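Subject: Structure for you to look at

Hello,

Here is the structure I promised to pass on. Please open it and keep it beside this email while you read.

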Amino acid sequence: MTATEISPEQATREEALVASVPTDLLIGGRWVPSSSGERFAVEDPATGAVLTTVADATAADGAAALDAAAAAQEAWGRTAPRERAELLRRAFDAVIARTDDLALLMTLEMGKSVAEARGEVAYGAEFLRWSSEQAAHVAGRYLPAPDGKQRLLVVKKPVGPCLFITPWNFPLAMATRKIAPALAAGCTVVLKPAAETPLTALLFAQVLLDAGLPAGVLNVVPCTKAGEVTGPLIADPRLRKLSFTGSTPVGKQLLKQAAEGVLRTSMELGGNAPFLVFEDADVDAAVEGALLAKLRNGGEACTSANRFYVHASVAAEFSSKLAERVGAMKVSRGTEDGAQIGPIINEKGRAKIADLVDDAVSRGATVLTGGSRVDGPGYFFSPTVLGDVPLGSRLLKEEIFGPVAPVTTFETEDEAVALANDTEFGLISYAYTASTSRALRLAERLETGMLGINTGVISNPAAPFGGVKQSGLGREGGEEGIEEYLETLYVGIADPWA
Ligand code: NAP
């Protein structure tokens, strides 16, 4: 059952926090209203109540934001790498110091539990620290040409002004994963956060300004008409990079727009992660991993395990243990003590989850726990495990984006690999097995950008995050992350001995 009763003390704390967040647009270092004067409402998905309103950027505001980013580019690109590193490190400390506020704000606008939101603050902040450590280590090279007649100088330069479009499911981390490496590389930024969750991005921008970020280096333009604001920016030759995290259909649309100006892009798109449990797996460990891979962020994650393929010999044990644990999870507003599963972001998302579950059940799947909407205010859906899910079911093809675990069985490794690869997506896969050789074979055979072996969470700022196939282009984090924001210049030099 959901519990959405809020104590007077909690309500006062929430109101004070929301009132302290800037709700205008950040353009050229100043907080300004929308040029249309319009504002839009931000809702708490646990109650449906309006938290506050935010300035609704227009195309003219987007253009002003790019003007500011373009004007700030040269000076920012020429700052000493150490200066950028130290700013990012101050920002890391400041974000950690504001953990309580950022976490509660994310819970209020997105719905995840405060405990999970605190985890996101820690994860999101790590990109600031990782990028601060990378900023002063960007290197080029100097070498003689093979015939000795020239010298070859290879230099890394910031790509230039970037446009970032981010989703609502990780309001802080999806922003820091782009902004931190871009700032480290010396790029300026226009950020368009998701309309459902602009507050976290706005508070984070204030934290960066307080840490000393110069005017114009980061500009933030929340809006309700995303295409109208970002379309002209993507067509503007001053923009040099588009990085998008969101759904595959929107990503494809943006790629088409970017093709016109041959704009550099990074795309972090949808997933359809398979979770494989082999006959030699430690089933209890697999259940623990499944809980994390499926229910982290309430299942609203691109890395969320979408399809459980379990060897027939252990499927009954795995499914019943998973259903017992999932059925015992506390579903409530994320601010409740012990909250585990918060609301779905909105009614549209919840309706899609309900449709997918109904489709699987109508084809013969068994509901082992959950399976329906939770009554009351907010957009809650009960955590669900489905057994014997037939292969044609829609939820094995489409991203569920909610707390639903469909279990299907397999007999052989070849069959498991074929099932796992039978999707246009390729973001992440998980496998539980006691065999190192099998784990390595899976790494070679699975069409995936990332693979978790005997673990349900692998996101790490020091590792390259990203997908293959229609899950995206490019990587965020790791050694690779900063490369997305660096251009390579080659200078040929006449033989200095000639
Ligand atoms: P979405 O609908 O694609 O929206 C993502 C962002 O794109 C939002 O800021 C949205 O703005 C904006 N947008 C929508 N239409 C646009 C257009 N025509 N032009 C420019 N911008 C546009 O995705 P979502 O529902 O927010 O997020 C869920 C999806 O993100 C899932 O598919 C998930 O797998 C994916 N995701 C991927 C990763 C990854 O790293 N691979 C990480 C997290 C999420 P509005 O808010 O105004 O609609």
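Predicted model: local features only at pLDDT ≥ 70, side-chain atom pairs only at ≥ 80, totals over all residues.

**Helix pairs**

Start with helix H4, residues 99–110, and helix H7, residues 198–210. Their axes come within 8 Å. They cross at roughly 160°. That angle is over the cut-off of 145 degrees, so H4 and H7 are roughly antiparallel to each other. Which residues in H4 meet H7? They are Asp 101, Leu 102, Leu 105, Met 106 and Glu 109. On the H7 side you will find Pro 198, Leu 199, Thr 200, Leu 203 and Phe 204. The residues of this contact divide into seven nonpolar, one polar and two charged.

Next, stay with H7 and bring in H3. The axes of H3 and H7 come within 9 Å and cross at roughly 130°. That makes H3 oblique to H7. The crossing is right-handed. From H3, the residues that meet H7 are Ala 91, Ala 94 and Val 95. From H7, they are Phe 204, Val 207 and Leu 208.

Now turn to H3 with H5. Helix H3 covers residues 81–97, and helix H5 covers residues 114–135. Their axes come within 8 Å and cross at roughly 165°. H3 and H5 are therefore roughly antiparallel to each other. This crossing is left-handed. H3 brings Pro 81, Ala 85, Leu 88, Arg 89, Ala 91, Phe 92, Val 95 and Ile 96 to the contact. H5 brings Val 121, Ala 122, Ala 125, Glu 126, Leu 128, Arg 129, Ser 131, Ser 132 and Ala 135. The residues of the contact divide into twelve nonpolar, two polar and three charged.

Find Thr 245 in strand E10, residues 241–245. Is Thr 245 buried or exposed? Its relative accessible area is 6%. Buried means under 20%, so Thr 245 is buried. The side chain of Thr 245 makes a polar contact of 2.7 Å with the side chain of Lys 178. Leave aside the neighbours of Thr 245 within four places in sequence. Then Thr 245 is in contact with Ile 165, Thr 166, Pro 167, Met 174, Lys 178, Glu 268 and Glu 476.

Val 154 is in strand E6, residues 150–158. Its relative accessibility is 12%, so Val 154 counts as buried. Now look at Val 154 beside Tyr 490. How many residues apart in sequence are Val 154 and Tyr 490? The answer is 336. In space, they are 4.5 Å apart, C-alpha to C-alpha. Again leave out neighbours within four places in sequence. Val 154 is then in contact with Gly 140, Arg 141, Thr 488 and Leu 489.

Most residues other than glycine have a negative phi. Here are two residues with a positive value.

Val 262 has a phi near 45°. It is in the loop between helix H9 (248–260) and strand E11 (264–268). Val 262 has a relative accessible area of 73%, so it is exposed.

Asn 297 has a positive phi of about 60°. Where does Asn 297 lie? It lies in the loop between helix H10 (283–295) and strand E13 (305–311). Asn 297 counts as buried, at 3% relative accessibility. Not counting residues up to four places away in sequence, Asn 297 touches Met 110, Lys 112, Glu 116, Asn 169 and Phe 170.

**One more residue**

Asp 358 lies in helix H12, residues 347–362. At 46% relative accessibility, Asp 358 counts as partly exposed. Asp 358 and Ser 393 are 35 residues apart in sequence. Their C-alpha atoms are 9.8 Å apart in space.

Best wishes

Terms used
Residues numbered from 1 in each chain as written. Heavy atoms only, no water. Axes fitted to C-alpha atoms, helices over the stretch in contact; angles between N-to-C directions. Helix = DSSP H or I, 4+ residues; strand = E, 2+ residues; numbered from the N terminus. Parallel < 35°, antiparallel > 145°, perpendicular 65-115°, else oblique. Left-handed = near helix turned anticlockwise from the far one by under 90°. Contact = heavy atoms within 4.5 Å. Nonpolar A, V, L, I, M, F, W, Y, C, P; charged D, E, K, R; others polar. Buried < 20%, exposed > 50% of the residue type's maximum accessible area, 1.4 Å probe, protein only. Polar contact = N/O pair within 3.5 Å; in protein donor to acceptor, adjacent residues only side chain to side chain.
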